[in-house]
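The following briefing concerns the structure shown below.

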Amino acid sequence: MFAVHLMAFYFTKLKEDQIKKVDRFLYHMRLSDDTLLDIMARFQAEMQRGLGKDTNPTASVKMLPTFVRAIPDGSEHGEFLSLDLGGSKFRVLKVQVSEEGKRNVQMESQFYPTPNEIIRGNGSELFDYVADCLADFMKTKGLKHKKLPLGLTFSFPCRQTKLEEGILLSWTKKFKARGVQDTDIVKCLTKAIQKHKDIDVDILALVNDTVGTMMTCAYDDPYCEVGVIIGTGTNACYMEDMSNIDLVEGDEGRMCINTEWGAFGDDGALEDIRTEFDRELDLGSLNPGKQLYPKRLHKVVRRLVPNCDVRFLLSESGSTKGAAMVTAVASRVQAQRRQIDKVLALFRLTQEQLKGVQSKMRTELEYGLKKDTHLLATVKMLPTYVCGMPDGTEKGKFLALDLGGTNFRVLLVKIRSGRKSVRMYNKIFAIPLEIMQGTGEELFDHIVQCIADFLDYMGLKGAQLPLGFTFSFPCRQTSIDKGILIEWTKGFKATDCEGEDVVDMLREAIKRRNEFDLDIVAVVNDTVGTMMTCGYEDPNCEIGLIAGTGSNMCYMEEMKNIELVEGDEGKMCINTEWGGFGDNGCIDDIRTQYDRKVDEGSLNPGKQRYEKMTSGMYLGEIVRQILIDLTKQGLLFRGQISERLRTRGIFETKFLSQIESDRLALLQVRRILQQLGLDSTCEDSIVVKEVCGAVSRRAAQLCGAGLAAVVEKRREDQGLEYLKVTVGVDGTLYKLHPHFSRILQETVKELAPRCDVTLMLSEDGSGKGAALITAVAKRLQQAQKEK
């Protein structure tokens, strides 16, 4: 009995020892999440090395650009051929992609063997054999007399410089055909096909099997942007932003990157997790030291990247069908590109056209200054009676009012003499819609109520202060403290104001209040305030520019040129009100159908045409009209116009600034569009970004052409060979748009090469400027008295 127990114990012990041995062998193959996260970080670092121009040569993960720039959007259709070369058999397919919207693919295929003597023999024999099989397939399917596009799935590492070209880097998977490495695969196959005079095939795309897999699944799921092969070999590809790919020129759009990740670890990066079994397997392989085969299951992926909602989609006939899909997408993109370029070309202004705008603006400036032509001029050239710039001696306390939108500001401005030091205190008050569109008396009573609240807030109720009134609407002035309102803009409709002196209306409201008395010294436009603010810092500043919700410009003009005002001595600031430039049809040659639609739907159709092409109030609406047209043509949003896109004003100009930001990835652009109810693909996002860029670029160029007309006029009027001048600029479009200011500056430099123009950003021009104009006016009044 004891012997039986002893034998049982022995066999149990033996079994335990064997399990421990097995466990010891398997231990090194069990990887913790921390280890996997560490491997993930190493792989990401290697990907970055592969994408960099300087680090790519030494990177183990080669990150090869494929020049596949778009995934299917469902509108692909037509008949395509596909070849899949990369294993013991190769496959030829005819792929019929259905008409738009149906997402239906029908395939007919045939397999052909790849004998050892072919794949290890001479390269030309290999491609002749492939061409022979293709010809056989086309004959069998009755395709010999059709011209068909072909996509080639070539499952070996290639360096591509375009979609239809690929230089073989090295053979894998038992292929060893001589004389093919470092040559263009497409040229090799094309040469072989051309020997068959009875078939006409155009090779449009060379793709890797991983790319084919991604494209096949992307046809069914537009969110598919990654392809993975886990089979005889392993590899992955994904859509990368062009801005991250140093190996290819250009920053716009995306491109599929073939990672060739099988080689990860060839530099020793995985030595700490490789086992003795991995090493033995490697030594016995055809390519020892290369392609060290990590694979992870779906569950692990989801656990390691919890912030990513990853869905795995099994690819059916991925590689070959995918090659046809790449070809179909390439055909579709070429056709769409032509249509999109045709639309965008309308917004690309030549230098001749910009010079034409500059010349016409110059003519209108002259018309506006002359008595005989002033009434006919679209650029009104309104005298402001601001006759001097700050000289640094201004000092004192001033009250400033700023009315130009739904918010009204009251400011106390303290100016110290000599030190060019300005301190400001302000309070913002709302102008309710019922006040904006009520009576003039109600509007100015509300303004005075706001002034009273501010004076009380600042403890200045009984103070006698000079006041400057920034009134950002077109006015005709007969003196610095008189402004006749020509017409309301920006949504204001208060009755009994147009044709009246707004300063008198303010004075009457102050009298009705009967609590305080203020010395209203000046009524000024926000553009003039911008110029004065910058002129306080820089004596070369004699021009003011607003590039924001509205568009306007002012400048210091020689009195002798201003026929509307008596006197030839000195200078006076002219408020051009250039937004109306073109209202006589002089720039209709560069207005597009989209500009006309925006104009027709505006509050003042036929007026302010230049402003409607250059200001923030309208640029988003121009973009919306273009997007609607492109969608109707089936070039965007799968041809579906959402209700949000039909809504006027939904595409605000701030979205242009966000979308065109260099720091913004396409997925972020896509999210902005989705906030607008636009279910976009990344390809849609690229097009929308291009549209935004075309519209904003034209706006900056037109603004630059107008400014060039002014600076050239100033140079010629002063008889200078070379003019150095500063332009004070304010406005959200100039400040917030990532490219507007640069394009504006470039355009002025190009059109006025003998003018050195510095653009100076104005800090709080409308409020501070009103106080400075008041200070300058008081100084000039005092000087006049002393004379």
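A salt bridge is a side-chain nitrogen of Lys or Arg within 4 Å of a carboxyl oxygen of Asp or Glu. By this rule the chain contains 48 salt bridges. The model is predicted: local features need pLDDT of at least 70, side-chain atom pairs count only at pLDDT 80 or more, and totals for chains, interfaces and linings use all residues. Residues are numbered from 1 along each chain as its sequence is written, and side-chain values use heavy atoms, with hydrogens and water left out.

**Overall composition**

- The chain has 24 helices and 24 strands; helices (H or I, at least four residues) and strands (E, at least two) are DSSP runs, numbered from the N terminus.
- Of the 787 residues of the chain, 54% count as buried, where buried means under 20% relative accessible area, exposed over 50%, and partly exposed in between (1.4 Å probe, protein chains only).

**Salt bridges**

- Asp595 forms a salt bridge with Arg698, the closest N and O atoms being 2.7 Å apart.
- Asp595 lies in helix 15 (residues 593-600) and Arg698 in helix 21, so this pair ties together parts that are 103 residues apart in sequence.
- Both partners are buried: Asp595 has 4% relative accessibility, and Arg698 has 0%.
- Salt bridges that share partners join Glu542, Glu557, Glu558, Lys571, Lys713, Arg714 and Asp717 into one network.

**An open sheet and its packing**

- An open sheet is formed by 4 strands in the order 1-11-10-9, with antiparallel pairing; two strands pair if DSSP finds at least two bridges between them.
- The edge strands, each of which pairs on one side only, are strand 1 (64-65) and strand 9 (226-230).
- Helix 6 (residues 209-220) packs on the sheet and touches strand 9, strand 10 (234-241) and strand 11, contact meaning heavy atoms within 4.5 Å.
- The direction of helix 6 makes about 125 degrees with that of strand 9; axes are lines fitted to C-alpha atoms, for helices over the stretch in contact, and angles run from 0 to 180 degrees between N-to-C directions.
- Strand 1 and strand 11 (residues 254-258) run antiparallel and are joined by 2 bridges, and Pro65 stands opposite Ile257 in strand 11.

**A nonpolar surface patch**

- Val226, Val228 and Ile230 form a nonpolar patch on the surface, with about 260 Å² of accessible area together.
- Patches are made of residues with over 30% relative accessible area and no salt bridge; like charges are joined within 9 Å, and nonpolar side chains (Val, Leu, Ile, Met, Phe, Trp, Tyr) within 5 Å.
- Val228 is found in strand 9 and counts as partly exposed because its relative accessibility is 37%.

Methods
Areas by Shrake-Rupley, 256 points an atom, 1.4 Å probe, with all protein chains shown as cover.
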